[in-house]
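Here is a short report to read beside the sequence and the model. Keep both in view as you go.

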Amino acid sequence: MAYVKNLFDSNFIQYASYVIRDRAIPEITDGLKPVQRRILHTLLEKDDGRFTKVAKVCGDVMTYHPHGDASIYTALVNLANKDLFIDKQGNYGNLYTGDGPAAPRYIECRLRPITRDIIYNPKITEFVPSYDGRSKEPVCFRAKLPLVLITGAEGIAVGMSTQIMSHNALEVIEAEKKCLRGEEFHLFPDFQTGGLIDCSEYKDGLGKIVARAKMDTSDDKKIVITELPYGSTTETLMDSIEKAARNGKVKIGSINDYTASSVNIEIKLPRGVYVKDVVDSLYAFTDCEKTVYCNLLVIKDNMPVQMTVTEVIKYHSNQLIGVLKDELEVEKAELMEKLHLRTLERIFIEERIYKNIEQMKTEEAVNKAVKTGFIPFKDELIREVNNDDVEHLLKIPIRRISLYDINKNRKEVQAINARLKEIARLLKHLVEYAISYLDGIEKKLAPSMIKRRTTLTNIKTVDIKTVVKRDTPLKYDEKNGYLGTGVSGVELLKITPFDRILYVRKSGIFTVTEAPSKVFVGPELRYCNYADKETLSKVLFTIIYRDPKTQFAYIKRCKITAYIMNRDYFFAPDGMEVLHIDHRKNFKFTVNYVQKPRIKNTKETFKANDFLEKGLKAQGTRLATKEVQSIEAEG
């Protein structure tokens, strides 16, 4: 058993780690999940500027992704619908209605040029073998923008989940520029479906937002929904409205969906009902208002880490500077190598060093002759001549030597030196260079990525209890002893689904429950009403009970000030027998004593208001020193 347990623990840990790091949670460096990264890597490899069938792209991605084409197809469609990385051609579904995309053989895609600018530079990207070892794929792209904030992400892993809101690309870039300048910045979500959001409790990506549909209420008899709240489609929104209408929570005449390129859900109201009577109910009982809880969880340094939006922006600001620096360093090294080769070519041809190899018989002799020929010019060289340099020089064709243009070489050298000087300047002013780079990216953004679609506002959340009307009858079936909204009998009061109900049985037991559908309370119900503080504070209960051992009777007057839901309470002390329960403040009652030979007065009348109010758990006051037979209350 110990072996099996250890094996299970080990395998489960491996599985959990895999799901967290390699499937569900995005990497902060490029904001992508593995399947998204593999899709973009494939498109970058195969990109020729033309549209390609999605079915073919899915097949190519399977070179890197070991989970089949279905997950690739879904991820590609979702990624394309972000309108940042991929150009679409064909039916990619409708974000508003929730309609799905066409089959992969009918739709096409291609890479947008801006994708290369943001994520792709193979010279500074780390690659690892693919799952079958036949190809290489990037560990992660070194993105120059915080894509995890622009695209957003949802994912459920083992024991954790992520819910990252999408943000406006232009606002993210502006925030990163402010961060680079050391200025204060704030970022709030922006959704493709538009709508209204309240970010007062966003808490920098770790709180919650309240999202609402945008409505046109200019017509008193008609409501037109023009934008959807986050996470909704016209289908799910209409379903929630129709359900609320069936349950009597919202009064509507008809609802129709005219959505095409923009959202248009028309709600017509019945006679006698106006917009002001319905709007709050729509927010309270339907998906027209949703509360979304955020959790910015990402993979950072190979571990799941919860971060804030501000921390992500700061992380990517530093990453951008690091990426730009590495790119400049790589370009500088390449230019230095190119300058070295151009210098070698000039000296090799101008000084006729190639003449030194005409009489050489062996490869070693040729190599030595070339290196020896450069000794007088070593001060002009950037570094020493190696075997690769000699191989390069020996591959220069005779035609090129005879047509060698010294002026062209000098211009090329001047251009290289000018660029090296520019790189040296940029390396000294990386922050300014990073800001200018972000300015350039802003100009390349598509118009759909620039304009904010979701309106920021302050939303006063509708309290459902204040909107719903008490119109559901609570009935009592005296014959069978059932109480509830689903029984037939005498109507006691009108309630809502959110009311708490107090009912008292003949036995002296009282209970508080949610609005009951059907509950057995016995054939003699003594009291039933709302269990809110206002109602309970006005009700004074009078309980007359008897001790079975002594037959003495006691009276207690009290109010119910506290309770636990769905729990039975007994007004009298344990073991006592309740003779009468009343909720009137003033009434008279007659006590019938046990008849005995020496007792002449066998009855005595009392006034309830002659006795003081006590606590619910207090003992009652004894009525008399005689044994009690029964109680008769007036009225």
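Buried here means under 20% relative accessible area. By that cut-off, eleven of the 13 residues of helix α2 are buried, and the helix is mostly covered. The model is a predicted one.

The buried residues of α2 include Pro-34, Val-35, Gln-36, Arg-37 and Arg-38. Ile-39, Leu-40, His-41, Thr-42, Leu-43 and Leu-44 are also among them.

## Nonpolar cores

The largest nonpolar core has 71 residues. Which of them touch the most other members? They are Ile-39, Leu-40, Leu-147, Leu-149 and Ile-209. Helix α4 (residues 69-80) gives this core its largest share, seven residues. A second, separate core holds 26 residues, including Leu-269, Val-278, Ala-284 and Val-468.

Take Leu-149 from the largest core. Set aside its neighbours within four places in sequence. Leu-149 is then in contact with Met-165, Ser-166, His-167, Val-172 and Leu-187, among others. Its contacts also include Leu-296, Val-309, Val-312 and Ile-313.

Strand β9 runs over residues 208-212. It is mostly covered, with four of its five residues buried.

β9 pairs with strand β8 (residues 196-198) in the antiparallel sense, over three bridges. In this pairing, Ile-197 stands opposite Ala-211 of β9. β9 also pairs with strand β14 (residues 289-293), again antiparallel, over five bridges. There, Lys-208 has Tyr-293 of β14 as its bridge partner.

## Two aspartates with positive phi

Most residues other than glycine have a negative phi. Two aspartates here have positive values. Phi of Asp-83 is near 60°. Phi of Asp-301 is about 55°.

Both are in loops. Asp-83 is found between α4 and β2 (86-89). Asp-301 lies between β15 (297-300) and β16 (303-306). Are they buried or exposed? Asp-83 has a relative accessible area of 19%, so it counts as buried. Asp-301 has a relative accessibility of 65% and therefore counts as exposed.

Definitions and conventions: Residues numbered from 1 in each chain as written. Predicted model: local features only at pLDDT ≥ 70, side-chain atom pairs only at ≥ 80, totals over all residues. Heavy atoms only, no water. Buried < 20%, exposed > 50% of the residue type's maximum accessible area, 1.4 Å probe, protein only. Pairing = 2+ DSSP bridges. Core = buried A, V, L, I, M, F, W, Y, C linked by side-chain atoms within 4.5 Å. Contact = heavy atoms within 4.5 Å.
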